[in-house]
Amino acid sequence: MEDRKRPCRRELLDWINVVSFAADDTKLFLDTHPGNQEALKCFDALKKQRTEALKEYARYYGPLTLDTAAVSSDRWCWINEPWPWQEGGC
Amino acid sequence: MWNYEKRLQYPVKITRTNPKMAQVIISQFGGPDGELAASMRYLSQRYTMPYKEVTGILTDIGTEELAHMEMICAIVYQLTKDLTPEEIEKYGFDKYYVDHTLALWPQAAAGTPWTATYFQSKGDPITDLSEDMAAEQKARTTYDNILRLIKDPEICDPIRFLREREIVHYQRFGESLRIVQDHLDSRNFYAINPEFDIK
């Protein structure tokens with residue numbers, strides 16, 4: 001039976017790219033502005049959204065990070081999905 | 001240490017090969033103002049940097065440059081995927097192909113191999129950050145030059161992203177230089193080298 005909660009792969013990946021980029025860029029800003037409260041709040045929110053999205057992606061489409069590479073079967077799944085430069089990759 | 005994330009920083013989806021453009025774009029992998037040199041520059045300079053904000057920015061930008069190197073390699077890979085011997089000859093890719101087949105190897109557009117002499121790690125924060133700011137502008141100019149040659153929007157899109165990052169990094173290095181100067185004697189920034197004379 002089809003999982004009704006299964007997110008669209010493309011959309012979820014786009015979302016991961018968006019929040020990860022925003023978190024990365026905020027991180028650079030914070031390196032030179034470590035006391036900026038607005039940026040700190042922004043980073044905290046982005047980090048939570050990113051962690052959630054990476055977990056959800058791993059559940060349906062395989063892990064993108066070491067921390068979301070769960071051992072749920074008797075096969076190592078990290079190598080299954082295409083690599084980022086390949087067709088169908090991220 | 002580093003962890004690999006199995007995605008590109010910005011997507012690269014090129015459906016039409018173009019060995020001519022691949023030979024130009026490969027310069028941003030192994031050329032004088034390319035991403036490999038950028039990453040090695042910042043990651044080498046950071047060890048002796050005495051100010052924590054600047055050590056942080058060198059580490060984090062140096063890390064981002066590795067992700068940019070991966071994007072450039074993905075672009076070159078997709079532009080040269082499944083080329084036939086006839087296409088390789090027709091578009092002048094034969095000189096690269098004879099040594100590397102279709103594999104990625106860091107070289108400049110003119111064929112010269114990547115070398116550590118493309119960057120400096122001088123051990124003086126004003127000197128190193130001035131080089132870093134110049135490096136970001138040189139990379140930005142290289143991307144501008146590439147964009148004048150490209151017509152395919154699938155190639156333009158990730159190249160434009162990379163170009164914009166050079167401008168952001170330039171800004172962050174400018175702030176870093178300011179932070180360094182704030183620690184020094186404003187009457188003579190060069191009175192001492194804080195990477196050597198402060199123990």
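Author: Start with one term: a residue is buried when its relative accessible area is under 20%. Keep in mind that this is a predicted model.

Reader: OK. How many residues of helix 3 of chain B are buried?

Author: Helix 3 spans residues 35-45 of chain B, and 9 of its 11 residues are buried, so by the under 20% cut-off the helix is mostly covered. Among the buried ones are B:Glu35, B:Arg41, B:Tyr42 and B:Gln45.

Reader: What covers the buried residues of helix 3?

Author: The cover includes helix 2 (27-30), helix 4, helix 7 and helix 8, which belong to chain B as well.

Reader: That's a lot of helices. How many helices and strands does chain B have?

Author: Chain B has 8 helices and 0 strands. Read from the N terminus, its elements go α-α-α-α-α-α-α-α.

Reader: And what share of chain B counts as buried?

Author: Of its 199 residues, 50% are buried. The accessible surface of the chain is about 9800 Å², and carbon and sulfur atoms hold 56% of that.

Reader: What box do the C-alpha atoms of chain B fill?

Author: Along the principal axes, the box is roughly 65 × 35 × 30 Å. Among contacts in chain B with a separation of 6 or more, 76% join residues 24 or more positions apart.

Reader: Now the inside. Which residues have the most contacts inside the largest nonpolar core?

Author: That core has 30 residues, and the ones with the most contacts inside it are B:Ile25, B:Ile72, B:Ile75, B:Leu79, B:Ile150, B:Ile155 and B:Ile159. Two or more residues each come from helix 1 (19-25), helix 4 (52-79), helix 7 (125-149) and helix 8 (153-183) of chain B. Helix 4 of chain B gives the most, with 8 residues.

Reader: Take B:Ile25. What is it in contact with, leaving aside neighbours within four places in sequence?

Author: B:Ile25 is in contact with B:Ile72, B:Ile75, B:Val76, B:Leu79, B:Ile146, B:Ile150, B:Ile155 and B:Ile159. There is also a second, separate core of 18 residues, which includes B:Tyr42, B:Ile126, B:Leu129 and B:Leu177. B:Tyr42 is one of the buried residues of helix 3 of chain B.

Reader: Switching topic. How many disulfides are there over all chains?

Author: The count is 0. A disulfide is a covalent bond between the sulfur atoms of two cysteines.

Reader: Where is the nearest cysteine sulfur to A:Cys8?

Author: It belongs to A:Cys90 and is 12 Å away. A pair would have to be within 2.5 Å to count, so A:Cys8 is in no disulfide. For B:Cys73, the nearest cysteine sulfur is again that of A:Cys90, 18 Å away.

Reader: Are those two, A:Cys8 and B:Cys73, buried or partly exposed?

Author: A:Cys8 has 40% relative accessibility, so it counts as partly exposed. B:Cys73 has 16%, so it counts as buried.

Reader: Which residues make the nonpolar surface patch of about 350 Å²?

Author: A:Val71, A:Trp76 and A:Ile79 make it. A:Ile79 lies in the segment after helix 2 (37-61) of chain A.

Reader: Last one. Where is B:Gln171?

Author: B:Gln171 is in helix 8 of chain B. Its relative accessible area is 43%, so B:Gln171 is partly exposed.

Definitions and conventions
Residues are numbered from 1 along each chain as its sequence is written. Chains are lettered from A and ligands numbered from 1 in the order in which they are written. This is a predicted model: local features need pLDDT of at least 70, side-chain atom pairs count only at pLDDT 80 or more; totals for chains, interfaces and linings use all residues. Side-chain values use heavy atoms; hydrogens and water are left out. A nonpolar core is a set of buried Ala, Val, Leu, Ile, Met, Phe, Trp, Tyr and Cys residues joined through side-chain atoms within 4.5 Å. Buried means under 20% relative accessible area, exposed over 50%, partly exposed in between (1.4 Å probe, protein chains only). Helices (H or I, at least four residues) and strands (E, at least two) are DSSP runs, numbered from the N terminus. Contact means heavy atoms within 4.5 Å. Patches are made of residues with over 30% relative accessible area and no salt bridge: like charges are joined within 9 Å, nonpolar side chains (Val, Leu, Ile, Met, Phe, Trp, Tyr) within 5 Å. Accessible areas come from the Shrake-Rupley method with a 1.4 Å probe; for residues, only the protein chains shown count as cover. A salt bridge is a side-chain nitrogen of Lys or Arg within 4 Å of a carboxyl oxygen of Asp or Glu.
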